[in-house]
Amino acid sequence: MGRSRKNKPLLERLVISDVAAEGKSLGKINDKVVFVTQTIPGDIVDVQVNKKRKNYYEGFPIRFHYYSDLRIDPFCSHFGVCGGCKWQALPYSEQLFYKQREVQNNLVRIGKVEIPEVMPILASNAERFYRNKLEFTFSNKRWLTQEEIDSGDEITDGDALGFHIPGMFDKVVDVEMCYLQSDPSNQIRLAIKEYALEKGLEFFDIRAKAGYLRTLIIRTSSTGEVMVILSLFNDDSLSRADLFNHLISNFPEVTSWMYVINNKANDTIIDLDVKLFAGRDHIFESMEDLKFKIGPKSFYQTNSAQAYNLYKVARAFAGLSGTETVYDLYTGTGTIANFVARNAKKVVGIEYVPEAIEDAIENSAINGIDNTIFLAGDMKDMLTHSLFEQHGRPNVIITDPPRAGMHADVVETILNAAPDKIVYVSCNSATQARDLNLLDMRYRVAKVQPVDMFPHTHHVENVVLLERR
């Protein structure tokens with residue numbers, strides 16, 4: 001016991017002074033940084049350390065001596081348990097302040113590049129119900145509250161339909177109400193759980209690899225259409241039909257009912273065949289006068305309304321006159337490419353996932369856009385001088401890479417292609433800053449525009465305009 005205390009000390013009356021990465025906050029004790037969950041600047045807390053390193057501690061609060069004057073009441077009953085929306089106790093205006101500061105700090109400290117004044121972050125008009133896609137997990141290992149554990153009562157209702165507890169792959173919090181996705185998301189989830197319990201459908205046991213119901217994906221769109229995808233562990237066609245027919249009778253407004261049989265060890269369905277049970281195999285998203293077809297595996301920015309603002313910034317930064325050849329790197333389903341196509345002479349979109357390229361081509365056809373070309377392949381292999389010889393040298397490059405940023409070979413090819421402008425859209429300003437440092441020899445940062453896509457989280461998008469020196 002003594003050794004355990006020594007390795008994991010209790011820190012008393014720690015003053016939380018700032019926010020940190022991954023939704024945590026921080027304080028300092030004896031010049032050592034302490035990262036603490038579920039706190040905000042101004043709190044004074046006793047902290048139980050659960051990770052001890054040479055230069056820092058990590059821990060969680062076990063007693064609040066003083067609540068920050070900034071603190072507001074979280075609106076969700078699952079706050080602090082499910083792991084999402086970690087900043088609910090922080091007013092939205094303060095969230096925006098810290099997000100903008102993070103962008104500026106990363107570009108300066110990591111990028112070590114000269115930047116202009118960062119433009120005020122674009123806030124999300126909707127602070128709740130802003131997501132167009134959620135994935136819920138069925139589990140027979142429901143997360144128990146401390147009160148349930150302390151009661152000593154026998155727990156008979158072990159099934160849950162909700163979100164994984166952070167760091168615990170086999171524990172799921174049973175979600176009663178989620179404020180991330182608009183109706184009928186909550187009603188559909190609750191109806192499925194109620195029916196499954198009534199009919200004795202087995203919730204998945206991830207350790208034993210047994211059960212029937214695995215995951216539930218609900219996609220909504222600004223057009224009002226809804227897609228429901230059920231992932232099932234085995235192909236029990238009778239149970240599946242009864243469940244879907246029950247849901248269809250209760251939710252006639254749903255556009256697409258789909259399912260996938262997944263008997264793998266993991267929950268991902270990207271490599272599986274998703275089948276249609278009823279309705280259409282897609283829904284539509286709209287942006288200005290454009291329509292985008294969304295299938296069960298399609299990537300689309302999760303906050304539809306704010307995605308429009310993000311893309312408007314990218315288009316404005318590109319400053320297209322109609323004469324330019326534009327390359328859209330990491331194009332996904334071609335959303336940005338099609339969004340800017342009518343302002344360009346030609347747009348070439350490149351993406352690793354072949355299915356996404358098929359969607360991009362179809363989205364161009366749906367919207368009568370005939371000046372786009374979409375190519376599938378690894379970016380570092382695709383972006384070559386021979387590609388430029390075939391399709392033309394880029395006047396403007398728009399790049400929206402994954403969180404890891406761009407491969408060094410891609411950066412080198414961009415430098416050699418020497419476009420007049422680069423518009424860099426990023427969901428991770430730290431890796432964006434690293435890439436800006438590599439581009440700095442030939443490009444200067446002309447504009448920086450943070451965009452908040454995910455209220456109540458630490459995540460922030462950032463758009464940078466680079467101009468050739």
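This tour moves through a predicted model in sequence order, naming what to select at each stop and what is found there.

Residues are numbered from 1 along each chain as its sequence is written, and side-chain values use heavy atoms, with hydrogens and water left out. Because the model is predicted, local features need pLDDT of at least 70 and side-chain atom pairs count only at pLDDT 80 or more, whereas totals for chains, interfaces and linings use all residues.

**The open sheet**

Begin by selecting the six strands of an open sheet, whose order is E1-E5-E6-E4-E3-E2 and whose pairing is mixed; strands here are DSSP runs (E, at least two residues), helices are DSSP runs of H or I with at least four residues, and both are numbered from the N terminus. Two strands pair if DSSP finds at least two bridges between them. Strand E1 (10-15) and strand E2 (18-19) stand at the edges with a single partner strand each, so one side of each lacks a neighbour in the sheet. Next, select residues 32-36 and 56-66, strands E4 and E6, which run parallel and are joined by four bridges; Phe35 stands opposite Glu58 in E6.

**Helix H2**

Move on to residues 92-110, which make up helix H2, a run of 19 residues that reaches 26 Å from its first C-alpha to its last, close to the 27 Å expected at 1.5 Å a residue; the expected span is 1.5 Å times one less than the number of residues. Which residues of H2 are buried? They are Tyr92, Gln95, Leu96, Tyr98, Lys99, Gln100, Val103, Asn106 and Leu107, where buried means under 20% relative accessible area, exposed means over 50%, and partly exposed lies in between (1.4 Å probe, protein chains only). These buried residues pack against E2, helix H12 (429-439), strand E21 (443-451) and strand E22 (461-468), contact being defined as heavy atoms within 4.5 Å. After H2 comes Lys112, with a positive phi near 50°.

**Aromatic pairs**

A search of the whole structure finds 16 aromatic pairs. Rings of Phe, Tyr and Trp (its six-membered ring) pair if their centres lie within 6.5 Å, and planes under 30 degrees apart count as stacked, over 60 as edge-to-face and the rest as tilted. Select Phe129 and Tyr179, whose ring centres are 5.8 Å apart with planes at 45°, so the pair is tilted. Phe129 lies in the loop between H2 and strand E7 (133-139), and Tyr179 in the loop between strand E9 (168-174) and helix H4 (185-199), so the pair ties together parts that are 50 residues apart in sequence. Phe129 is partly exposed at 33% relative accessibility, and Tyr179 is partly exposed at 22%.

Then select Phe204 and Phe233, whose ring centres are 4.9 Å apart with planes at 50°, so this pair is tilted. Phe204 is in the loop between H4 and strand E10 (213-220), and Phe233 is in the loop between strand E11 (226-232) and helix H5 (237-250), 29 residues apart. Phe204 is buried at 4% relative accessibility, and Phe233 is buried at 16%.

**Cys427**

Finish at Cys427, which UniProt lists for "active site" in an unreviewed entry; annotations of this kind may be inferred rather than shown by experiment, and the positions follow the numbering used here, with feature names shortened. Cys427 lies in the loop between strand E20 (421-426) and H12 and is partly exposed, at 23% relative accessibility. Leaving aside residues up to four places away in sequence, Cys427 touches Pro402, Arg403, Val460 and Glu461.
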